[in-house]
Amino acid sequence: MKVYLDNGATTPVDPRVLREMLPYFTSKFGNASSIHQFGQESKEALEKARKQIARAINASPNEIIFTSGGTESDNLAIHGVYKGHIITSSIEHPAILNYCKHLNHTIIPVDNYGFVNFDKFEKAFTPESMASIMFANNEVGTIEPIKRLAEITKSKDALFHTDAVQAFGKVPIDVKKLGIDLMTLSSHKIYGPKGVGALYVKEGIDIKPLLRGGGHEFSKRSGTENVPGIVGFGKAAELAVKDMKKDNDKLTKLRDKMIKSLLEIPNSKLNGHPRERLSNNVNVSFSFIEGEALVLNLDMKGIAASTGSACSSSKLEPSHVLLALGIHPAEAHGSLRMTLGRFNTNKEIDYVLKQIPEAVLKLRRISPFR
Ligand SMILES: Cc1ncc(COP(=O)(O)O)c(C=O)c1O
């Protein structure tokens, strides 16, 4: 049996999305900037997708800029409005943290669940500040109180950006109600194609482009638009909202079944918050073993999962997210992240829940840490 439980890394393309995309690789191949019929056909498809994305987050189409993905949108958001100081959190994606390294920045710590410290956040503002706090964390699934963080930012007359790559499609997002100024989205986490993303920029906010050229995307992101990809992203966003309740009901049940069962393994611990977490996220640490060894063992059984540790050049470093949550490095090393998706079944999860305890037991038997 093959079970894909790494939907936080990327999702398969939904067949309904692929169907929409296919004509834009063949007969409808025009450049959306061309004035002939081929071009206009692509332009219409591009604008339809812009409307679909906008509708999914209660924005206006002219507030959506298409990019090459979450990483570019994160970089563009910061580059676009940075005035001299950025406030971010210790558990952000590298697309934020590595960009901030080159800027004047303040990193706000999080508590044991991954919630940003309000008090330190509020005190970090200077007249030059902007803030960027992720909507939901990609490793432990913690959902941040975005409305409150945006309110604090507004009270300081600053701009608020959120990376909603993981939250989009799982948490209802209304940018107006939440008070978000800029927001990052990515297509390949919501059953759309890879290499496509968007940045929501609230009307009236002027951003400085990263890519300059022919003036595409309201002169905010030059480069010929990836029309098939964008068409797929639009459809995926429409489906994400339409199916959100159905998907979440199913995912939450599977997630909770997995968490309950895995915590019956002695010396195991859930990472992140038990309830304020993404419907598809399971992150558990097993003492005395290496997460990588567990991932490889599961891979041999056909199960695709990931670990909290990142392989960095020569040494294995525990995840910066787990360490920020105050998890001991040894425990962080023994973490396993499984992210469910729309196409997982109960039968698959039963199989996984049979394989994991066996793999953990086997690895503990040979563990030098016991
Ligand atoms: C929270 C978060 N932000 C940004 C990204 C980067 O997105 P992309 O792969 O589209 O560049 C990811 C992808 O893993 C993510 O999980």
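Which residues are exposed on the other side of helix 10? They are K245, K246, K253 and K260. Exposed means over 50% relative accessible area, buried means under 20%, and partly exposed is in between (1.4 Å probe, protein chains only).

## About the model

This is a predicted model, in which local features need pLDDT of at least 70, side-chain atom pairs count only at pLDDT 80 or more, and totals for chains, interfaces and linings use all residues. Residues are numbered from 1 along each chain as its sequence is written, and side-chain values use heavy atoms, with hydrogens and water left out.

## Helix 10

Helix 10 covers residues 244-262. Helices (H or I, at least four residues) and strands (E, at least two) are DSSP runs, numbered from the N terminus. Helix 10 has 19 residues and reaches 26 Å from its first C-alpha to its last. That is close to the 27 Å expected at 1.5 Å a residue; the expected span is 1.5 Å times one less than the number of residues.

The buried residues of helix 10 are M244, D247, N248, L251, L254, R255, M258, I259 and L262. Seen down the axis of helix 10, they fall within an arc of 145°, so they line one face of the helix. The arc is that of the directions from the helix axis to the C-beta atoms. An α-helix has 3.6 residues a turn, so residues three or four places apart point the same way.

What do the buried residues of helix 10 pack against? Their partners include helix 9 (227-242), strand 10 (281-286) and helix 14 (346-365). Contact means heavy atoms within 4.5 Å.

## Helix 14

Helix 14 has 20 residues, which should span 28 Å at 1.5 Å a residue. Its end C-alpha atoms are 29 Å apart, which agrees. Among its buried residues are E348, I349, V352 and R364. The buried residues of helix 14 pack against helix 10, strand 10 and strand 15, among others.

Of the 13 residues around the ligand, G70, T71, D163, S186 and K189 come nearest. A residue counts as near if one of its heavy atoms lies within 4 Å. An N or O atom in the side chain of T71 is 2.6 Å from an oxygen atom of the ligand. For S186, a polar side-chain atom lies 2.7 Å from a ligand oxygen atom.

V165 sits in the loop between strand 6 (160-163) and helix 7 (175-178). V165 counts as buried, at 10% relative accessibility. Leaving aside neighbours within four places in sequence, V165 is in contact with G70, T184, L185, S186 and K189.

How values were computed
Polar contact = N/O pair within 3.5 Å; in protein donor to acceptor, adjacent residues only side chain to side chain.
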